[in-house]
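Please take a moment to look over the sequence and the 3D structure together, and keep both in view as you read.

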Amino acid sequence: MASAYLDLIRIRFLMMLAYRVNYYSGIVIYAINIGAYYFLWQAIYGAQNQLGGFTLLQMTTYVAVSWMARAFYFNNLDREIAGEIRDGSVAVQFIRPYSYLLVKTMQGFGEGLFRLLLFMIPGLVIVCLLFPVRLPQDPAVWALYFVMLMLSFLINTQINILTGLFAFFVENNEGMLRMKRVLVDLFSGVVVPISFFPGWLAKAMEWLPFQAITYLPTSVFTGRTAGSAALQVLAVQIVWFALLLVPILLVWRQARFRLFVQGG
Amino acid sequence: MFYLTLCLDYMKNYAKTRLTYRADFWIEVLSDLMYQAINLIFILIVFRQTPSLGGWSEAEVIFVYGFFMVPYGIFSAFFGVWNFSERYIVKGEMDRILTRPAYNLFQVLLENLDPPSLFGSAVGAVIMAISWAKLGLPFEALDALMLVIFIAGATLIYMGLYTALTAISFYSDAPTGILPLMYNLQNYGRYPVNIYNKTIRFLLTWLLPFAFVGVIPASYFLNRQEDHLQTLALLTPVVGIVVLSIGLAVWNHGVKRYRGAGS
């Protein structure tokens, strides 16, 4: 059974590989994206050396790494699930001898792996050449970061699955999907590091899973969080991963009774 | 006339489908507005750290954002084909479109109408009006006229750009497409372009003219002189027409290449 899931990863990876041309242009677009942010931050910093606990150099690194990490963990599982619920093909998935949600996660991972190898790594190399980015020297930090990146992927996927499953309850959740995408970008810290948020909002963020996706791991990678605090970040991620399983299983159980196929 | 009745019929159709999912309509309006609110939050967070962004004050940047929301809302209402490649190319629905007499792009757009996005335009207009008063700018009859022209021009730029980008699906058969990647770029046209370096400024002004849907036309009203922004603003409708023509040309050429999915 496990090998069936591994095959799903492989198949999705190969499927992405068939359409790889887009990703070459994608690297350029991401580089422009990071560049635009770099100049935006430069203007925000002006003459100041430090803002929100970041120097400009740390900020550039933060922006580059967080965007590239986003390239890895980002997926459209929410849209896929919502689409399959809407056109009714999810009914067929119910009768197959595998876990639908696990299948989706594996497909997402295949996609993520593809993006990691053909998008994130080459993209990061190019960005490092273009902008003043300083990556950590310590191999232990790299290793820790990769574990965290995996957890980022899992947590983001869980949030995507939850939003996707909402299509069982509202027939058309296009608007919700869009909102979720922007919310995750803002609250995970891709757009602005959480330490820039006004106090009450930053406090509220500590109680939400989003910062475990980007802000916390990237803070470790850029060296702002080190030592035992870094391990604490890992713990926070694991706790969120475990906690998010609960609503997913509850919604999934509810959803089976709610399913009605809208034509198709 | 034929196109007008077609448009009305599709609108009626849209209303009917929407009345089936009534609650959902409001969720969509709400989430659209939330999306805009989040972008505003970013601006507010930025200005907590610094009094000016490349010489622009908070009220000015918010004004630009208000302006930007208006054409963006109109554009999103009439151009919602984000999943064009999956729906029309991979699933072969383009075949159905091509057997009908009306212009193919027009049909595709009508099938994907999204009027709730216009709420975003309304909110943008309100934001612009408030910052207009806050900045103490004079308002003359000419300003109203220019506003209409600039909004029309900016909408044409969006339409043209995204028509061309959507038409890429005819040339490369990738399912995910380049659109989601591009999506973030448009946001940079809302910030003062003078903060970017030459390459990015050139890109945002002339290659993917997103600066022409936000900061450039808005500087006409703000009297911003740097980099001749105020004069450049007058080009907005021209750029709109040029970009739309290019977009349509790419699209029409692409449609000729379309071979059907064979599914």
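The paragraphs below go from the confidence of the model to the interface of its chains, and then to some residues and salt bridges.

What you see is a predicted model, and the prediction as a whole scores ipTM 0.84 and pTM 0.85. Chain B has an average pLDDT of 86, and 97% of the residues in this chain score at least 70. Within chain B, confidence is highest in helix α13 (residues 236-257), at 94, and lowest in helix α9 (residues 179-183), where the mean is 75.

Turn now to the place where chain A and chain B touch. Each chain brings residues to this contact, 39 residues from chain A and 39 residues from chain B, and between them the chains bury about 3800 Å², of which 70% lies on carbon and sulfur atoms. On the side of chain A, the residues that lose the most area to chain B are N22(A), F39(A) and L40(A), which together make up 15% of what that side buries. The elements of chain A that give two or more residues to the side touching chain B are α2 (21-45), α3 (56-73) and α8 (174-187), and α2(A) gives the most, with 15 residues. Sorted by class, that side of chain A has 25 nonpolar, 11 polar and three charged residues.

Leaving aside its neighbours within four places in sequence, I27(B) is in contact with V170(A) and M176(A).

Salt bridges are the next topic. Side chains of opposite charge can pair when their charged atoms come close. Over all chains, the structure holds 15 salt bridges, and several residues of chain A, namely R12(A), E80(A), E84(A), K104(A), E111(A) and R115(A), are linked in a network of them.

In chain B, a salt bridge joins E93(B) to R96(B), with the closest N and O atoms 2.3 Å apart. E93(B) is partly exposed at a relative accessible area of 24%, and R96(B) is partly exposed as well, at 30%. R96(B) also meets the side chain of E111(B) in a salt bridge of 2.9 Å, N to O. Since R96(B) lies in helix α5 (residues 94-98) of chain B and E111(B) in helix α6 (residues 104-111) of chain B, this pair ties together parts that are 15 residues apart in sequence. E111(B) forms a salt bridge with R100(B) too, at 3.7 Å from N to O. This pair links distant parts of the chain, 11 residues apart, with R100(B) in the loop between α5 and α6 of chain B and E111(B) in helix α6 of chain B. R100(B) counts as partly exposed, at 34% relative accessibility.

Notes:
Residues are numbered from 1 along each chain as its sequence is written. Chains are lettered from A and ligands numbered from 1 in the order in which they are written. This is a predicted model: local features need pLDDT of at least 70, side-chain atom pairs count only at pLDDT 80 or more; totals for chains, interfaces and linings use all residues. Side-chain values use heavy atoms; hydrogens and water are left out. Contact means heavy atoms within 4.5 Å. A salt bridge is a side-chain nitrogen of Lys or Arg within 4 Å of a carboxyl oxygen of Asp or Glu. Buried means under 20% relative accessible area, exposed over 50%, partly exposed in between (1.4 Å probe, protein chains only). Helices (H or I, at least four residues) and strands (E, at least two) are DSSP runs, numbered from the N terminus. Buried area is the accessible area (1.4 Å probe) that two parts lose on being put together, summed over both. Ala, Val, Leu, Ile, Met, Phe, Trp, Tyr, Cys and Pro count as nonpolar, Asp, Glu, Lys and Arg as charged, and the others, Gly among them, as polar. pLDDT is the predictor's confidence in each residue, from 0 to 100.
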